[in-house]
There are 2 protein chains.
Amino acid sequence: MPARERRQVASDAGLSKKRVVAEAVRLADREGVAELSMRRLARALGAGAMSLYYYVASKEELLDAMIDVVFEEIELPPEGTDWQSAMRRRAISARQVLARHPWAIGLMESRTSPGPANLRHREAVTACLRRAGFSVLMATHANWLLDSYVYGFALQEAGLPFDGADEFADMAEDVFLPQLPPDEFPYLNESAAVLAAAGYDPAEEFTFGLDLVLAALEPLRVPT
Amino acid sequence: MPARERRQVASDAGLSKKRVVAEAVRLADREGVAELSMRRLARALGAGAMSLYYYVASKEELLDAMIDVVFEEIELPPEGTDWQSAMRRRAISARQVLARHPWAIGLMESRTSPGPANLRHREAVTACLRRAGFSVLMATHANWLLDSYVYGFALQEAGLPFDGADEFADMAEDVFLPQLPPDEFPYLNESAAVLAAAGYDPAEEFTFGLDLVLAALEPLRVPT
DNA sequence: TTCGTACATCGTACGTCGTACGATGTACGA
DNA sequence: TCGTACATCGTACGACGTACGATGTACGAA
């Protein structure tokens with residue numbers, strides 16, 4: 001009921017767009033985006049459901065803002081190093097962030113207009129590539145390729161029901177192998193068996209493809 | 001009301017799981033997956049809402065089945081050619097199919113267990129790579145890399161508000177450039193201007209990255 | 001011919017959702 | 001002192017997924 005002292009930034013108790021969006025992200029991380037409803041979010045904030053609409057025009061706008069928060073968490077490519085190291089860092093950061101907020105990947109499909117953090121990120125990446133000697137066209141190619149890899153990897157990773165080598169080995173032996181008839185899926189059986197025996201860790205998969213892509217992009221630039 | 005003659009395959013008029021799922025895919029393609037409700041789907045089939053539950057245990061199961069229909073549409077890597085041509089064809093097919101059903105990308109994030117068509121696809125791809133001389137580990141790397149690229153590209157493409165070079169040029173000049181302050185986003189401005197002037201077609205972007213990736217994978221195999 | 005049973009269909013109802021609308025209280029400048 | 005802008009929220013509406021149970025049809029067995 002009370003209007004509290006006005007501030008640009010969120011006060012510790014009062015609501016604000018920042019606080020609403022941040023709590024929404026926390027809720028989605030914890031319970032999945034399907035469980036995120038305006039009523040639940042309001043309850044988590046100790047407010048009435050309709051109070052949220054003072055800070056957010058609609059649930060769609062809330063989801064847009066949540067995605068932009070995720071982009072804010074991704075490290076920009078650092079300046080002052082070679083382009084490969086810079087792009088490597090930002091890709092690894094992006095993958096970490098998207099693993100923390102897997103729902104973000106699913107939301108991206110339906111959202112067309114990028115938020116401010118997204119734009120800032122694209123600008124920084126493009127700047128890094130252009131300064132490294134990529135032409136506008138080649139920088140565009142590199143951008144598409146790198147982003148596709150990062151997003152696609154995160155999408156696949158989000159669907160994995162295990163983390164780490166141990167869980168993978170357990171799942172492979174207890175779930176995959178028994179469910180895959182060897183005569184119908186001989187190669188998948190072979191893969192599951194060999195990988196589990198070798199202590200394969202899917203978490204290390206990311207850097208392999210990333211480094212391959214970075215190396216493949218190197219000849220496309222004209223060093224200045 | 002009437003029970004109609006029993007058949008394994010869907011008769012022309014009666015309901016069946018196949019028909020329900022197919023109509024759901026059509027509805028999602030046309031209106032977006034957010035507009036897909038059990039009631040709307042039933043109406044489109046000329047049935048009552050609850051009738052669908054005779055063929056589908058829940059909406060979740062329906063969504064799973066829809067995704068598997070999408071995987072069925074993707075061409076398997078053809079046998080009898082070199083591995084690069086085979087993987088190239090199936091990647092291009094996958095990208096086409098996912099562009100036709102963009103909602104599928106968004107659904108994948110929340111779904112962990114692959115359907116039968118998905119499994120058949122993975123088996124065929126793994127077989128192709130193994131027969132081309134990739135070790136189990138290298139085939140796994142290649143699989144992850146290629147799938148990440150394809151899915152990630154489709155995800156980004158789904159978010160694009162334009163198709164083809166003309167629409168891109170229009171958007172770049174009418175929307176992007178006016179919305180991006182040149183002092184804050186100099187490189188994005190440069191890119192938009194140069195690409196629009198050069199008649200850049202985002203539809204051709206896919207094969208560039210794909211061929212780069214395929215070439216980068218080539219040295220990883222041990223030809224037999 | 002009768003009748004039980006399995007198949008297929010659907011109406012109703014419940015709890016939840018997003019949110020339009022308008023009421024209410026507070027703080028502050030005039 | 002009072003109007004106005006800010007901030008909060010209760011109520012209500014239509015749509016959602018689906019549990020439950022009723023209903024009708026076809027067909028094999030008696």
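So, E190(B) and R130(A) make a salt bridge, and their closest N and O atoms sit 2.6 Å apart. By salt bridge I mean a side-chain nitrogen of Lys or Arg within 4 Å of a carboxyl oxygen of Asp or Glu. Between chain B and chain A the count is two salt bridges.

Quick note before I go on: this is a predicted model, where local features need pLDDT of at least 70 and side-chain atom pairs count only at pLDDT 80 or more, while totals for chains, interfaces and linings use all residues. Residues are numbered from 1 along each chain as its sequence is written, chains are lettered from A and ligands numbered from 1 in the order in which they are written, and side-chain values use heavy atoms, with hydrogens and water left out.

Okay, back to the two chains. The contact (heavy atoms within 4.5 Å) takes 54 residues from chain B and 54 residues from chain A. How much area is buried between chain B and chain A? About 5,000 Å², and carbon and sulfur atoms give 72% of that. Buried area here is the accessible area, with a 1.4 Å probe, that two parts lose on being put together, summed over both. On the chain B side, E109(B), W144(B) and Y187(B) supply 15% of the area buried against chain A, more than any other three residues.

There are also 13 residue pairs in polar contact across this interface, both residues at pLDDT 80 or more. A polar contact is a pair of N or O atoms within 3.5 Å; within protein, one must be able to donate a hydrogen and the other to accept it, and residues adjacent in sequence count only if both atoms are side-chain atoms.

Which element of chain B gives the most to the side that touches chain A? That's α7(B), with 17 residues. Helices, by the way, are DSSP runs of H or I, at least four residues, numbered from the N terminus.

Now look inside chain A. A domain assignment, automatic or from a database, divides chain A into domain 1 (17–56) and domain 2 (71–220). Four residues of domain 1 of chain A touch four residues of domain 2 of chain A, and the two domains bury about 340 Å² between them. V25(A), D29(A) and V33(A) supply 85% of what domain 1 buries against domain 2, more than any other three residues. Between these domains the rule finds zero salt bridges, but there are two residue pairs in polar contact, both at pLDDT 80 or more.

How values were computed
Helix = DSSP H or I, 4+ residues; strand = E, 2+ residues; numbered from the N terminus.
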